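Subject: Model for you to look at

Hello,

Here is the structure I promised. Please open it alongside this note; my findings follow below.

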Amino acid sequence: SSHFFAVVCSAMRAVVGFFALCQSTRTVSVVRTAESTDDRLSPQPPLNFSDVASTVAKADFVLNVDQSRRFQQMSGFGGAFTESAAFNMMALNATNSSLYEELMNAYFAEGGIGYTFGRVPMGSCDFSPYAPSWSYDDVTDDFSLAHFSLQNDEERRLPILRDALSRTRAAGRDLKILGSPWSAPAWMKKNGNMICGLKALLTGCVLKDDPRYHQAFASYYARWAKEYEAALGTPVWGLTVMNEPQENILTYEGQVFTPETERDFIKNFLGPTLANETPGVKLLILDHNKDMLEQWAGTILGDPDAAKYVWGSGVHWYSGDHFDALNATHSKFPGFSILATEATSALDSKHAKEGGTWSKGEHYAHDMIGDFNNWVTGFVDWNLALDLHGGPLHVNVEVSDLFGSDSAVILDTKKGHIYYQSIFYYIGHFSKFVPEGSTRIWSSISTANAADAPPLAPEAVAFQNGNEIIVVIMNRMDNATTVAVTDSGEQAVLDMLPHSIHTLVYPARKSVFV
């Protein structure tokens, strides 16, 4: 179709009086974030499309976009409502309620960055200021879950979740709750503790062999989903089987599954229980690093008796990009989705008040672009907000920042300050403009002379939402560059500052006639 438009317009330009008919009606809106400037999701002067022949020689790179080649549908963006994040947000509200309003609106309200996912650790995890470890039922051998209670969450997290949900709904969206356990209740495990600890080296950090404990744990997920739906007034969107099931942690909650034991737990206990009690809830396997995905998908999705209960896979980024694993898994199991369920980096305490080290935001965008170009449907960040020590968490980070984590937003809850990190803005270039239901479309970048793009060349991904095309493009180079965005026989040339990211939005099709 793009060739047709180009030929028609070239022919019409040869006819006196028809030139105006071939002027493009497409204008490109531009939003930019750039290092060493004040631009933070800041609107820029619009660009205009023009005929390819008049612009191709003016750019360093060419980004080709093809609306006819369509891929996965997007499911949204969000972050984690850990106890630490909720603790910090409630503390900010107590110190400075107007700043709390600003923060919640920045994430969830109309005009914010459009978060629609909320990952909720099911029970305590490392990012909790409370001790000891706790689950929703800590009464030993309570197989009927008679003592199951959301009381801790009612005090510590559900007020923030309800507020976020009300803001997303006011913006015409919904908040999709994704539950993830770090461990079963201690009494269900061989080591008798939610934290694996040294004893687990002897016993294993796993469920007890007696099938009563496996069934009780399966019922625990379903009970949590039903209780959360009642507490929030919205159905739980999904559950992961276990956060990072290949980590055997000594300092915080953890539980081990292998691909085989997770498959069998799904097939024999969790899958049938959820299908019977909470049939609308999606189930995600793995919830760990991308380099494990092919093995886990092969074992679980390759077994029809387990796979029939599974929506897809959750992936983390801590072992590296591994974009090839995403593509390979989708190629083998195209009927199952992939969602990025966690990402973070070490605390950047020296630069937190300045917005963080710029490369951290670039790392996020690099991962998101690579993920989305390889079938991932959405991205859920880790803690929504942490304090200046990257906590609080089980380990006392006020003594040492060594164990603290970074976050898109850092809060000084005592003095009442919000420090938006580069991560926040880089995520926002996707989440603010690519709503749930958007479809990724084909795009490819090369040098203007069609050579392969060099290392650190601009990276990009493109989507379509209704009649809009959304392109996110990032320049990680130390030098400025230009990119000719080519679509339907036309180009618009974008000037990119060093270390900048842009979101472009423009109509999906041009018309031959004005």
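Helix α2 (residues 83–95) packs against helix α3 (residues 97–108) at an angle of about 140°, and their axes lie 5 Å apart. That makes α2 oblique to α3. Bear in mind that this is a predicted model.

On the α2 side, the contact uses M89, L92, N93 and T95. They meet S97, L99, Y100, L103 and M104 in α3. By class, the contact of α2 with α3 holds 6 nonpolar residues, 3 polar and no charged.

α3 also packs on helix α5 (residues 158–170). Here the angle is about 55° and the axes are 9 Å apart. α3 is therefore oblique to α5. The crossing of α3 past α5 is right-handed. From α3 come Y100, E101, M104, N105 and F108. Their partners in α5 are I160, D163, A164, R167 and T168. The contact of α3 with α5 divides into 5 nonpolar, 2 polar and 3 charged residues.

Is Q421 buried or exposed? Its relative accessibility is 1%, so Q421 counts as buried.

Leaving out residues up to four places away in sequence, Q421 touches H351, A352, G355, G356, D406, S407, A408, V409 and I410. The Q421 side chain reaches the backbone oxygen of A352 at 2.7 Å. Q421 and D348 are 73 residues apart in sequence, yet 9.9 Å apart in space, C-alpha to C-alpha.

Best wishes

How values were computed:
Residues are numbered from 1 along each chain as its sequence is written. This is a predicted model: local features need pLDDT of at least 70, side-chain atom pairs count only at pLDDT 80 or more; totals for chains, interfaces and linings use all residues. Side-chain values use heavy atoms; hydrogens and water are left out. Axes are lines fitted to C-alpha atoms, for helices over the stretch in contact, and angles run from 0 to 180 degrees between N-to-C directions. Helices (H or I, at least four residues) and strands (E, at least two) are DSSP runs, numbered from the N terminus. Angles under 35 degrees count as roughly parallel, over 145 as roughly antiparallel, 65 to 115 as roughly perpendicular and the rest as oblique. Contact means heavy atoms within 4.5 Å. Ala, Val, Leu, Ile, Met, Phe, Trp, Tyr, Cys and Pro count as nonpolar, Asp, Glu, Lys and Arg as charged, and the others, Gly among them, as polar. A crossing is left-handed if the near helix is turned anticlockwise from the far one by less than a right angle, and right-handed if clockwise. Buried means under 20% relative accessible area, exposed over 50%, partly exposed in between (1.4 Å probe, protein chains only). A polar contact is a pair of N or O atoms within 3.5 Å; within protein, one must be able to donate a hydrogen and the other to accept it, and residues adjacent in sequence count only if both atoms are side-chain atoms.
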